[in-house]
Amino acid sequence: MSFPFQAQRHDTACALAYALATELADPAEPSLQPPYNDIAQFILREQARMMDFLQPPMKLATLGFDELAWLVIGQSFHSAPPEKREKFIRWWKNLPLGATKDFLRFHESLTALALHSRALGAEPPSELDGPAGAVVRDPPAQQRCEVLIIGSGPGGSITGCLLAEAGREVVMLEEGPYLALESCEPFSRQEMEQKYRGGGLTVAMGKTKIAYVEGRCVGGGSEINSGLYHRTPPDILSTWRKNFKVEGIADDELRPHFEACERDVSVSLLPGAAPVASLKLHNGALKLGWKSMEVPRWFRYESNAASESRGSRQSMTRTFVPRFLHAGGKLVPNSRAQSIRQEGGRWLVRAEHGAGKTIEISAETLFVCAGAVQTPALLRRSGLNQNIGERLRLHPTIKLVAQFPETINAADLGVPVHQVKEFSPRLSFGCSISSPPYLALGLLDHPGAARAVSKTWTRQANYYAMITGEGYGTVRPLPGFRDPLVRYKLSAADLRDLADGLRKLAEMMFASGAEKVYPGVTGISALNNVDDLRGLPEAISPGKASLITIHLFSSCPMGEDRSKCAVDSFGRVHGVKNLYVADASLLCTAPGVNPQGSVMAFARRNALHFLNQK
Ligand SMILES: Cc1cc2nc3c(=O)[nH]c(=O)nc-3n(C[C@H](O)[C@H](O)[C@H](O)COP(=O)(O)OP(=O)(O)OC[C@H]3O[C@@H](n4cnc5c(N)ncnc54)[C@H](O)[C@@H]3O)c2cc1C
């Protein structure tokens, strides 16, 4: 069914894309000039991908934006000339409502990203194959198997691989496509469209919204992440042991699993020098006497000099997925599990394959590995609620752009590898993806600097302060909608930690020689020197910062304390037969470090425990 006023909505979205692109484009940069049809089309595609329960409000807001223009400029926005559109946008920006700011920020962000990634083509890639019959493209309406895995991220792929290699008959269902790691440029607009859930437009609701990102493709988050590896810190493990009664996580019990995963995905340090932007953070920390380290990554480096510095990320499609397929596992991509139920001692999973074909798979044992948001959503949708989706944790992250007098950034910068751990686990710092689109995004609170990014980007990089925090969230399926509602509440201490993190990060940047620092917070001007840090707030005001996270967990915590835990110490759902969780949902609390190392080690440990028992 088409939405009423479809044409008006389409025209308004296109007019807004044109107006914002004109505002954001450097007039002297030929590649940023109109026509902006590509940008408008990208925004319309992204709107169609965003969380489904947000689509009707977005459509209404677009129409409201268009109609309200009559009051201010005497005509609808989409039919107005450029100067009047500009005037109306200025007026709209000054409205005191959070929703109006969100609406504009949504369009500004997508416009900034698309404007600075125009050179890239948008050809849809073809999907990968495996040994004969292993990748099931046209699944039968009904099938049976011994073990069914839902989700093929690090949790699902490792579980599936180890079970298939032990001779079990395993099927792995994955909602997203099976694409090569190199099907698109890492951290590009194409990657958002191909491999991110909701086109990258997923958000945890709350007084301060937190944009989060998840993978939606075979390999899950491992296909789109930076590959930075940490083991679970010992103090975090001892909290889990004490507060959640998790068994079998003593150092000597977990170490073999960390070591095996590190070998399997080639965890290693860079063979050469780190990117300059990464070293800027490192040197700033050292000047202040703070601890900073190069974080190893799951990367393989060939001896050939050309590819040595970049290496290749050992994501799941490079490691455990091919092993799973060669061991006889069956992969069913483009298939989304909708509900699970128990019948006659077996699990029946109903799924949607492609655009609308319903399939049903019956399995003796079921592993749900759909990630920290989708796992609790699926379980709750299927009537399983006990401690499920009640205490989602994440690492809220605040950003700034630092500008240096000299060149620190380049097209082949690669992934920055340093992290400052002086204040860990409360605060961690790092350098993040710093291509022009991501810099433009980071500068949206500083319009003049955002406009100049095509000239200044080689002297700039994005840096982040990540907090462990004490806030938590919930995951709830919404009747009639595909996407679950995620809510997150930051505590007052979290807002203070974010401000403290921002201040310390800016201090490191100035210690390292930055000439300007642009905080990603509305209403805070650019900082010119270390004295300006005195003007930063003690706490971030709710709704003012553009917070993001790429680390989500704890929505089905493991442990023997049934008053808090959804699953036992090895992932079996409490009180339910033959149902397991094996993904980031298990981590009892925020680990304070990049989480995939923990997800992999626990998946391996739990899969081997399962095999020993059955
Ligand atoms: C941009 C980015 C950068 C990151 N960088 C790092 C890093 O450097 N280091 C680090 O340690 N961590 C990093 N992470 C986090 C890391 O990727 C995750 O912690 C990890 O992928 C979690 O693994 P998982 O198995 O729990 O779930 P996921 O990787 O989320 O996989 C879940 C899979 O299940 C599928 N699925 C979901 N619902 C269904 C359904 N109903 N039916 C079928 N399939 C379904 C999804 O499509 C997805 O493929 C990053 C994440 C992102 C997004």
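Tutor: In this predicted model, β5, β7 and β8 make up an open sheet of three strands, arranged in the order β5-β7-β8 with antiparallel pairing. The edge positions belong to β5 (267-268) and β8 (312-313); each has a single partner strand, so one side of each is left without a neighbour in the sheet. Strand β7 (residues 297-300) is joined to β8 by two bridges, and these strands run antiparallel. Within β8, S312 is the residue that stands opposite R300.

The helices come next. Two packed helices are described by the angle between their axes and the distance between the axes. For helix α6 (residues 154-165) and helix α18 (residues 596-613), the angle is about 30° and the axes are 9 Å apart. Angles under 35 degrees count as roughly parallel, and α6 and α18 are therefore roughly parallel to each other. The crossing in which α6 passes α18 is right-handed. On the α6 side, the contact is made by P154, G155, I158, T159, L162 and L163, which meet Q596, V599, M600, A603, R604, A607, L608 and L611 of α18. By class, the residues of this contact comprise ten nonpolar, three polar and one charged.

The ligand is surrounded by 40 residues, of which G151, G153, G220, G221 and G371 are the closest. The shell consists of 15 nonpolar, 19 polar and six charged residues.

Notes: Residues numbered from 1 in each chain as written. Predicted model: local features only at pLDDT ≥ 70, side-chain atom pairs only at ≥ 80, totals over all residues. Axes fitted to C-alpha atoms, helices over the stretch in contact; angles between N-to-C directions. Helix = DSSP H or I, 4+ residues; strand = E, 2+ residues; numbered from the N terminus. Parallel < 35°, antiparallel > 145°, perpendicular 65-115°, else oblique. Left-handed = near helix turned anticlockwise from the far one by under 90°. Contact = placed C-beta atoms within 7 Å. Nonpolar A, V, L, I, M, F, W, Y, C, P; charged D, E, K, R; others polar. Pairing = 2+ DSSP bridges. Near = placed C-beta within 6 Å.
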